[in-house]
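Let us walk through this protein together, one contact at a time. Have the sequence and the 3D view open as you read.

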Amino acid sequence: MTPYWCELAWLGGDTAVAGVSIEVDGDRIARVDRCPVAPAGAERLTGLTLPGLANAHSHAFHRGLRGRTHHGGGTFWTWRDHMYALAARLTPDTYLELATACFAEMVESGYTCVGEFHYLHHAPGGVRYADPNEMGGVIAAAAEAAGVRLTLLDACYLTGGFDRPADGVQLRFSDADVDGWAGRVSTLRDTSTVRVGAAVHSVRAVPAAAIAGVEAWSSTRGAPIHAHVSEQLAENAACIAATGATPTGLLAEHGALTDRFTAVHATHLTDGDMEVLGSGGAACCLCPTTERDLGDGIGPATALATAGIALALGSDSQAVIDPFEEARAMELDARLLSMHRGMFAPGELAVAASSAGYRSLGWPDGGAIDVGLLADFVTVGLDGSRLAGTVGDDALAAVLFSASGSDVRDVVVGGRRVVRDGRHVRIDVGRALAGAIDAAWSAPVPG
Ligand SMILES: [Zn+2]
């Protein structure tokens, strides 16, 4: 057994405790003890140790868009044009390189578990690869290489809108019908570090009649199911015009809103939507840095919490990869809306960043430091310029409100050290990102 000794650790509540030893057996936590002095031979984790942090909503290849979509302003839809231009070029090789580098950036920034909302399934023109799950396999291989725990949320994507078929690059996303989607994903298997889940890309991309088919597949597997929900007002208006229901109402009508469901974004919800989500035991995943980047609005975090909805967090478009920035945005955006402080306590933000995300991704046995749970944890150094002077009782709040991913010093996933002294143990992340992004954009657009 490997003993770790944490100078400070967050075990729940709003403050950290000093001197905690964690014994790991295989990929699980075997023992947690208060221990003021480091036991002989223990690996010291200096700073504040948090449980594993979950990125509950990611599109890894969007990392290649960073900095490239701001010229001339634009809208969500012009941003999407850039995203489609990148999606059109990706091959299994360039996707593997880009996703590996992106996941390595996540791990180095403190994420230990990622939910990859995966929709780039097929070759250009919608042609199936010899292995129809070639691209899902690429994502799993990237997560393995980067050392991050993965939930592969395989997204059903069938149409280009309420009134039109998939077209152009969207053909790479589409399985033509829900049975084609279900047949393909049914061959994907869970492993000790990868779980397979389902996604309804959006109510734009999955006809109402197909939603129940995605839910039925995920129900049979006991797997999580996610959907982009009410990211923009235009999406709500189009859904109401086409179906008479809000996106949440439509998903509820077709049985998708269970305690395995997570609504991603959930930015523009009605009171009725929140009631339905809350009564179904569903979760919501806010993506504050992406909503900010795209100008999509501020998610109603306090109203969702009041409705009894668990909140998770995701980096989505990778505009920023920083678990602390997402967590503090939950509170700081709520302060701007309400003109009050203290809408969420530090412990509540930490839960959103850790166990709520793990649960949303189908890992209820992770995201906390406790006996029997997955041995995933993250240590944030307190001696850098951002956090120097922090004392024990204030450490959790200082980290949540002021740390950046660059303050992460050590990361352990499934009992294995993945980051040491602030660096990924196997990957030069900056170099890997630069090479992968250049290769992805250099590839020709298929005719
Ligand atoms: Zn998304």
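In helix α11, the residues Phe324, Ala327, Arg328, Glu331, Leu332 and Arg335 meet Val399, Leu400, Phe401 and Ser402 of α14 (contact means heavy atoms within 4.5 Å). This is a predicted model, where local features need pLDDT of at least 70 and side-chain atom pairs count only at pLDDT 80 or more, while totals for chains, interfaces and linings use all residues. Residues are numbered from 1 along each chain as its sequence is written, and side-chain values use heavy atoms, with hydrogens and water left out.

Now turn to the rings. The structure holds 10 aromatic pairs (rings of Phe, Tyr and Trp, its six-membered ring, pair if their centres lie within 6.5 Å; planes under 30 degrees apart count as stacked, over 60 as edge-to-face and the rest as tilted). One of them joins Phe76 and Trp77, edge-to-face, at 4.7 Å centre to centre with 85° between the planes. Phe76 is buried at 8% relative accessible area, and Trp77 is partly exposed at 37% (buried means under 20% relative accessible area, exposed over 50%, partly exposed in between, with a 1.4 Å probe and protein chains only).

Tyr119 and Phe173 have ring centres 4.8 Å apart and planes at 85°, so this pair is edge-to-face. Tyr119 lies in the loop between β6 and α3, and Phe173 in the loop between β9 and α4, so the pair ties together parts that are 54 residues apart in sequence (helices, H or I, of at least four residues and strands, E, of at least two are DSSP runs, numbered from the N terminus). Both Tyr119 and Phe173 are buried.
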